[in-house]
Amino acid sequence: MKMNPWTLSVLLLLAGPLGADPDWHVEYPDSFCVVEGSTATIPCSFTHPAVHRRTSVVVERVVWCPDHKICHNPTPNVYDSSNLRADSRFQYLGDLAGNCTLKIIKTVKRDAATYRFRFVTKGDKYTGPRGVRVNVTDGEDVKVRSSVTDHVVKEGGQVTLTCTSACSFHQLDVLWYRNSHALLETGPALHLSSLTNNNAGDYTCSLDSSGQNTSAPWCLLVLVDEDGEDVKVRSSVTDHVVKEGGQVTLTCTSACSFHQLDVHWYRNGHALSEAGPALHLSSLTNNNTGNYTCSLDSSGQKTSAPWSLVVMEKKSGWRVTVPVVLVLLAVVLLLLAGLVFAKRRCTVNRKRWELQRKSAIQLSTSNAIPRGQPLDRNMRSSTARLFAEPNSSSDSSSSSSDDEIREH
């Protein structure tokens with residue numbers, strides 16, 4: 001069977017010099033995906049007969065190209081060592097001795113392709129036929145996963161945080177942050193050991209320095225001691241005493257945010273049905289009085305110190321209203337009017353008595369009775385009444401006394 005000369009030439013280009021395989025070889029990673037906007041690294045290595053035979057064969061040119069089986073001129077390429085005008089987003093991290101690693105910076109959707117590597121020596125050339133498939137996806141599902149089931153780790157312990165997404169990260173540049181501050185460690189896994197309270201905080205991972213593809217925060221709490229001082233209850237009021245019918249909001253605070261944590265609330269050691277970082281209490285009664293604590297897990301391992309709430313009941317008594325005030329004011333005015341009237345009447349009676357007294361004195365002076373002559377009974381009684389203190393007797397009695405004095 002005769003082989004077409006064109007077909008034979010293609011096979012020679014793919015495999016390199018005839019009979020040279022396996023001395024001619026390119027090792028690619030498995031196909032993988034990258035998140036759009038991130039930086040991906042394609043690890044790669046190559047060999048040629050000079051490596052095995054220890055002969056002096058020099059590689060003169062290396063090329064990376066997308067979606068082409070031969071990768072020879074004039075095939076479009078993303079990197080060519082002989083072309084200084086190659087795309088700057090594709091950086092060749094390898095050399096001419098056996099390392100053909102390629103980095104793609106800030107990947108875009110059009111970067112999705114099957115990439116192949118080709119190297120050229122002084123007399124031969126070879127393209128790795130298998131290639132590596134790179135897929136570009138959205139970075140919406142970037143998450144931090146932990147080697148522990150709980151967010152609380154004891155002092156001196158260890159934890160491994162892994163940045164995960166819809167595709168693997170072993171070829172990606174992963175950046176790590178604690179409380180939004182960049183860490184020196186990079187890569188898909190972050191190993192933390194010999195933990196102290198300084199390691200507590202919100203951890204996030206990002207696939208690029210711009211923070212465009214950043215995970216939601218994962219909170220790590222380091223249990224320093226058993227008294228729960230790291231977790232505290234804070235109140236919306238400055239005092240522990242709140243009036244009946246009032247309201248108060250208690251907040252569970254710690255070294256990091258709680259939006260991903262299960263916060264449990266207790267009153268006097270009994271679990272409440274409410275959950276979450278904030279506990280809202282309104283229309284307070286005496287039943288709300290007690291010691292409140294919050295915990296970051298149902299086991300109570302990480303529990304705050306108690307915060308005491310005292311509900312002060314309202315004092316019982318008459319409720320002073322506008323009608324009551326008006327009635328009391330009317331009573332006071334009547335009493336004042338009565339006192340004024342009584343005082344006036346008393347003044348009038350006293351003046352009348354003074355006039356009667358003066359009249360009697362004048363009468364007795366004008367009708368002098370000889371010394372030694374006794375007064376009869378009527379005169380004695382009239383004189384006694386005139387000199388007596390005025391009382392509440394009527395005007396008629398006063399006028400009758402005046403008539404008796406005149407007859408005498």
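What is the accessible surface of the protein, and what share of that surface belongs to carbon and sulfur atoms?

1. The accessible surface comes to about 25,200 Å², with 54% belonging to carbon and sulfur atoms (Shrake-Rupley method, 1.4 Å probe; for residues, only the protein chains shown count as cover).

2. This is a predicted model, in which local features need pLDDT of at least 70 and side-chain atom pairs count only at pLDDT 80 or more, while totals for chains, interfaces and linings use all residues. Residues are numbered from 1 along each chain as its sequence is written, and side-chain values use heavy atoms, with hydrogens and water left out.

3. The protein has 5 helices and 27 strands (DSSP runs numbered from the N terminus: helices H or I of at least four residues, strands E of at least two). Of its 408 residues, 35% are buried (buried is under 20% relative accessible area, exposed over 50%, partly exposed in between; 1.4 Å probe, protein chains only).

4. The structure holds 4 disulfides (cysteine sulfur atoms within 2.5 Å). One of them joins Cys44 to Cys100, S to S 1.8 Å. Its S-S torsion is about -80°, so this disulfide is left-handed. Cys44 lies in the loop between strands E3 and E4, and Cys100 in the loop between E7 and E8, 56 residues apart.

5. Cys163 and Cys205 are also joined, S to S 2.0 Å; a torsion of about 70° makes this disulfide right-handed. The pair links strand E14 to strand E18. Cys163 is buried at 2%, and Cys205 at 0%.

6. Cys346, at 46% relative accessibility, is partly exposed.
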